[in-house]
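Trainee: I am new to this structure. Please walk me through it.

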Amino acid sequence: MEPIINDSKNQTDGEKRYIERRSNARHHNETDIDDGATWSISSNEGMSRSSHDDGHSFQNVSTHSDDQKFTEIDKLSRNNTSYHEYLELVNSLIKNSNTQEYFYDGVEEILSISDSEQTMISNEDDERLFNDEERISFTREQLVEYQQLTKLLRFIKNGGRCTTILSLALLHDHNLQDRSAFSAFKDSSTMSILLNFIEMYDRDLKLNALYVLEDACHNSSFAYEIFRLGGIITIINSMCLDHIGIQESCSILLKLLLFRRARRVIRRFGGINELSENLVENNQAILHIFQVFLLSCKSEKNKYVCIRYGIGKILPNIILNISNESSTSIISLFEILLQIPIFRLQMIDKNIIISLINLIDLTNIEFNRVICESLYYLSLDLNLLQFIYQYGFKKLKKLLEHTQDPSIFCSIINILTEFIRNNENISNDIILNMINFLKNSSYFLYLSRIIKSLRELTKIPQTIELFKQEEIFSQFILCLKNENNPDIKLNILFILQKCGNDNEASKMIIDNDGLQELWTLFKLASSSIKIAAGWAIRNCLASVENHGELIRSFDGVFYLILNMLSTENIDVLAVTLAIIAEIVKDEYNLKILTDLGIVSKISQLNYLDCAQLRKPFCDALANLSDLPKNQEQLGNRRIAIALKHYLQEQDPELNKPLTKVIYDLSRVPSNCGILHDVGIAPNLLKLIGDDDLIVQEKAANAIRNMRRLQNVNREIEQNFVKNVSQSNI
């Protein structure tokens with residue numbers, strides 16, 4: 001700071017009156033209680049003070065300067081806007097024919113309340129945490145400090161320019177982070193004066209005020225009070241006015257934006273717009289401003305506002321010119337915005353990928369994290385994914401071999417999954433690394449993404465072989481029991497479905513109590529998890545021989561199956577029928593379910609014309625009809641019509657179970673008449689020439705039985721007519 005040689009007497013009365021006018025511009029109702037109040041949006045512009053986030057508004061309050069006016073810029077924040085309108089606005093990608101720009105003004109306000117604007121987190125703001133503390137709790141030293149600061153603050157409020165600047169400089173000798181300092185500032189109403197200084201064109205006064213506020217904001221109560229006085233917009237306007245004290249201003253904003261309401265204010269009153277339009281051509285200043293953007297994007301809605309006001313145009317140019325590792329905040333913001341699909345569409349640029357890959361440095365873990373995460377989101381575009389493989393595979397593979405960081409490991413694995421799946425010769429080592437990563441229980445934060453990649457890799461045979469070799473199934477079952485994340489459960493269940501097709505893997509799942517856990521999920525979980533668990537059960541049962549006793553060892557399984565047949569969910573009904581088809585392969589299980597009335601329940605099923613039910617329904621009937629008792633019960637017109645429709649579909653997968661069911665039904669004379677009446681014979685004749693010998697045999701035998709019955713009926717009819725004629729003679 002330059003030495004001050006002028007005395008306060010040299011200041012003109014006009015300057016002093018100007019300061020006083022700016023400070024008096026903050027209208028304050030002495031009858032209102034400020035404790036715990038916070039700024040919220042009022043319906044008639046400006047800001048209103050309320051005691052709670054969405055509580056009662058007491059009075060309209062202007063901000064620091066008389067000519068400053070806040071206007072709420074969110075166009076779609078009205079109450080009658082629906083979530084479907086938001087989806088339509090974001091996903092339709094409305095483009096301007098001339099500039100090819102994307103427009104989605106205000107759509108962020110239709111998002112559900114984000115975690116940072118409602119959820120109470122330990123380090124988040126709650127006005128009750130920042131009330132004045134009782135003066136009686138001050139120690140003797142704090143009381144002395146309070147009195148000294150109060151005297152010094154009087155000079156700041158009432159002194160001339162030089163006196164004020166000297167007093168601000170002297171504040172550096174005091175511990176402004178102590179609660180006694182906060183009380184002194186608040187009792188003397190000096191914080192509003194300092195915010196007025198920031199708006200002035202006096203460089204020395206502005207910088208000294210910023211130094212004081214930057215130091216004091218380390219106290220959360222102090223930061224909250226500055227926010228409550230409207231300091232966010234004041235500081236942002238000051239930054240955009242003359243670009244003086246940008247580093248200090250950003251440091252203050254970073255403290256204020258820790259409060260969730262502050263992130264709402266910076267969005268709704270144009271703060272993000274102001275910052276994005278006034279980025280200065282100074283690398284250090286850009287870094288600090290991007291740290292502010294990064295923290296404001298902790299609110300999901302603010303991400304959309306950043307995109308709306310042109311961050312997508314600024315970021316690529318900055319990234320292409322990054323040459324140092326101190327730019328982590330810039331890449332971090334880029335990575336956060338890439339999570340939004342509409343932003344990714346604007347970033348389809350191969351030069352960005354080249355720049356990011358060139359920035360990878362094995363020694364800088366934090367920088368590599370955000371780079372790899374950015375590449376992961378870019379890889380969701382298949383064209384960019386191929387370019388990443390072409391240009392960066394060797395570098396990513398080298399980083400994967402050397403890194404011990406779980407975030408970097410997950411990002412690279414997610415990027416390379418498709419490449420590994422199509423290049424089986426290089427996959428074993430990487431899959432083994434993923435299995436070892438999965439076994440490390442300290443990395444549950446990244447578990448979802450690793451399991452998602454493993455799910456894709458189960459499409460190649462050696463993945464299941466490595467699962468068996470490493471005995472990983474116990475870890476999968478443990479995750480099913482302990483994890484509450486539905487995505488993790490679903491992906492594990494899809495993995496178990498694939499593994500269930502292997503006999504040895506199925507036995508390992510069963511040996512690790514996997515089948516019991518699958519039955520539990522099938523009974524109690526949500527529909528999506530229930531369906532996935534059901535297909536895993538079905539595959540395991542299909543791969544294991546002599547599973548009848550195993551099924552009977554589970555309590556309540558047969559009653560569970562019967563209850564599931566009453567569901568209205570088509571997919572749940574389909575998997576239930578598929579499980580029944582496997583369970584009744586055992587003779588004793590077939591008799592148990594028959595005695596419990598399963599045939600009558602299946603005969604009364606709705607939705608038999610749904611494509612999802614055709615195969616499992618036919619399989620279940622084919623196995624249930626092995627019991628002669630069931631052949632009679634299944635012989636009704638409703639089932640016969642359904643079978644006829646399935647035959648008309650000419651689906652090769654249905655031919656084998658269909659012909660078996662029809663043949664079994666035709667063994668009962670009364671059923672032959674029903675089958676003949678519904679017109680099933682013409683469609684059955686076509687299957688006599690099928691390539692499958694079993695299908696040929698069953699179709700031919702069924703037609704033979706129907707014809708035999710028809711011949712018998714014809715003979716009976718002829719004999720009856722003959723007897724009647726003779727009696728008449």
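Mentor: Start with a term: a crossing is left-handed if the near helix is turned anticlockwise from the far one by less than a right angle, and right-handed if clockwise. This is a predicted model, where local features need pLDDT of at least 70, side-chain atom pairs count only at pLDDT 80 or more, and totals for chains, interfaces and linings use all residues. Residues are numbered from 1 along each chain as its sequence is written, and side-chain values use heavy atoms, with hydrogens and water left out.

Trainee: Which hand does the crossing of α4 and α7 have?

Mentor: Helices (H or I, at least four residues) are DSSP runs, numbered from the N terminus. Helix α4 covers residues 140–158 and helix α7 residues 190–198. Their crossing is left-handed.

Trainee: Is α4 parallel or oblique to α7?

Mentor: Axes are lines fitted to C-alpha atoms, for helices over the stretch in contact, and angles run from 0 to 180 degrees between N-to-C directions. Angles under 35 degrees count as roughly parallel, over 145 as roughly antiparallel, 65 to 115 as roughly perpendicular and the rest as oblique. The α4 and α7 axes lie 10 Å apart, at an angle of about 40°. That makes the pair oblique.

Trainee: Which residues of α7 make the contact with α4?

Mentor: Contact means heavy atoms within 4.5 Å. From α4 come L153, I156 and K157. From α7 come T190, I193, L194 and F197.

Trainee: How do α27 and α30 lie to each other, roughly parallel or oblique?

Mentor: Helix α27 spans residues 486–500, and helix α30 spans residues 527–543. Their axes are 8 Å apart and the angle is about 20°. So α27 is roughly parallel to α30.

Trainee: What is the hand of the crossing of α33 and α36?

Mentor: The axes of α33 (residues 570–583) and α36 (residues 611–624) come within 8 Å and cross at roughly 25°. The two are therefore roughly parallel. Their crossing is left-handed.

Trainee: Which side chain meets D204 in a salt bridge?

Mentor: A salt bridge is a side-chain nitrogen of Lys or Arg within 4 Å of a carboxyl oxygen of Asp or Glu. The whole structure has 25 of them. For D204, the N to O distance is 3.6 Å, and the partner is R161.

Trainee: What is the mean pLDDT of the protein?

Mentor: pLDDT is the predictor's confidence in each residue, from 0 to 100. Here 76% of the residues reach 70 or more. The mean is 78.
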